[in-house]
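These are my notebook entries on a single chain. I set down what I looked up, entry by entry.

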Amino acid sequence: MIRSLRGMNDTLEQEDSARFSYFIQTATRIAKNYGFRFIETPQLEETALFKRSVGESSDIVGKEMYQFIDKGENDVCLRPEGTAGVVRAFVQNKYDRQDQIHRLFYHGTMFRYERPQKGRLRQFHQFGCESFGEASVLEDASLILMVRDIFNALGINFELKLNSLGDTNCMPQYRETLIKFLHSNEEHICEDCMRRKNTNPIRVLDCKNSHCQVIYADAPKLMQNLCAGCDTDFKALTDILKEHGMAYEIDPHLVRGLDYYSKTAFEFISTEIGAQSAIAGGGRYDRLVEFLEGRPTPAIGFAIGVERLMELIKMPSPVREGYYFGAMDENAISKVYKLGMRKRTSDIVTIGYKARNLKAHLKAADKANARYCAILGENELNRGTVWLKDLENKTESEPPQDEI
Ligand code: HAM
């Protein structure tokens, strides 16, 4: 038997796909309320896009890309995340020259060749939002509050972790301070951190090695090395969040796994799903549009990992919808089929193709979650009517066939 690849799952009908659709519908509705519009970008892009944006020193680009040379000798890669493609589309379509705010949302599959475990897949879905052209921290707050609204609507408990990664004024100086600290602790840090020290030193701060964690507890803190502008913005952001009743924890080691961030960085964590606890992550990336050859454009976004939410979503009880059509007599099948097909132009319709007794049809209608069960037997055929049961109100009627 051919099986799916490791870390790549089916979203099966019934429970899984109902949850998945409910999540997408809810997140879409809320993103639209915040002024975001849908964008779709390809799943396959030039590898250079991710190298330049997510960064060569990141684990995603360094270890986890589904990269290959295609038949036209192009170096391509299945997207490991959504932001880079959206920024590419933004620049390619000259949105950066329009001098207006663009708020875009997307959802789709992402691919990372990671070691699969609970909550960590090689193919997974993200729902993401990217906002371009707005430097105000009110936008940072709006995006964070939007994620809150989405999780609240789905009945998901969360914690918010927040940090500022500084900007071009304060980050270079902080880097130097951190590199000095790492030099003086060289013999105690792990191999990965030794490598990161030379490529992207701030990434050492979220190293999972327990010895490194102990050492970095004494590392100089980004938050205490922010320039006046970043410091003021970060305080303004936390004030807005407080005003809106949004609890947060400042995590000085939250540096995110992608290289394009500056200033605000955030993650939403669930304490109910085990080790892979990040259910959403995002932040500002004010320089990325420029890195991809667009006009300098402030930007901020986030992505929610859909699979990690699946077991947390509290679904509303299913409402009965549409019709079930069934025949109790062989002679009634073609009429039932005709009536069902007509009704399909306006409603959800399931049609039973075999003549069965009433009990069997009522059971099938219930299974299909239909609101109405419409049955034709010999009597109804002769009278030109339909026996109709409202499965919610438990009432019965016999309308003419033309009226159904
Ligand atoms: P990220 O933190 O790499 O950020 O991913 C966002 C979310 O995707 C994570 O919080 C997690 O829920 C989910 N996720 C990541 N990897 C996996 C995996 N292997 N299996 C299952 N779920 C996973 C980004 O991707 C950025 N593009 C977010 C962003 C948008 N920043 C600005 N705009």
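**Entry 1: helix H4 and its surroundings**

I began with the cover of H4, whose buried residues pack against strand S2 (44-46), H2, strand S5 (102-111), strand S6 (123-132) and helix H10 (288-291). The model is a predicted one, in which local features need pLDDT of at least 70 and side-chain atom pairs count only at pLDDT 80 or more, while totals for chains, interfaces and linings use all residues. Residues are numbered from 1 along each chain as its sequence is written, and side-chain values use heavy atoms, with hydrogens and water left out.

I took helices (H or I, at least four residues) and strands (E, at least two) as DSSP runs numbered from the N terminus. Contact stands for heavy atoms within 4.5 Å. Buried stands for under 20% relative accessible area, exposed for over 50%, and partly exposed for what lies in between (1.4 Å probe, protein chains only).

I found H4 mostly covered, with eight of its ten residues buried. I listed these as Thr 83, Ala 84, Gly 85, Val 86, Val 87, Ala 89, Phe 90 and Val 91. After H4 comes Lys 94, and I noted its positive phi, near 60°.

**Entry 2: H2 against H4**

At what angle do H2 and H4 pack? I read about 105° between helix H2 (residues 47-55) and helix H4 (residues 83-92), with the axes 9 Å apart. Axes here are lines fitted to C-alpha atoms, for helices over the stretch in contact, and angles run from 0 to 180 degrees between N-to-C directions. H2 and H4 are therefore roughly perpendicular to each other (65 to 115 degrees; under 35 is roughly parallel, over 145 roughly antiparallel, and the rest oblique).

From H2, I recorded Leu 49, Phe 50 and Ser 53 in the contact; from H4, Ala 84, Gly 85 and Arg 88.

**Entry 3: positive phi at two lysines**

I kept in mind that most residues other than glycine have a negative phi. Lys 263 has a positive phi of about 50° although it is not a glycine. I placed Lys 263 in strand S9 (residues 262-269), and its relative accessible area of 14% makes it buried.

Lys 394, likewise not a glycine, has a positive phi of about 60°. I located Lys 394 in the loop between strand S15 (387-390) and strand S16 (395-397). Lys 394 is exposed, at 57% relative accessible area.

**Entry 4: Ile 250**

Which residues does Ile 250 touch, leaving aside its neighbours within four places in sequence? I noted Leu 162, Met 223 and Phe 234. Ile 250 belongs to strand S8 (residues 249-250) and is partly exposed, with a relative accessible area of 37%. I also took the C-alpha separation of Ile 250 and Arg 287, which is 23 Å for 37 residues along the chain.

**Entry 5: the whole chain**

I counted 14 helices and 16 strands. Of the 404 residues, 51% count as buried. The C-alpha atoms fill a box of roughly 95 × 50 × 45 Å along the principal axes. I also noted that residues 24 or more positions apart account for 69% of the contacts with a separation of 6 or more.
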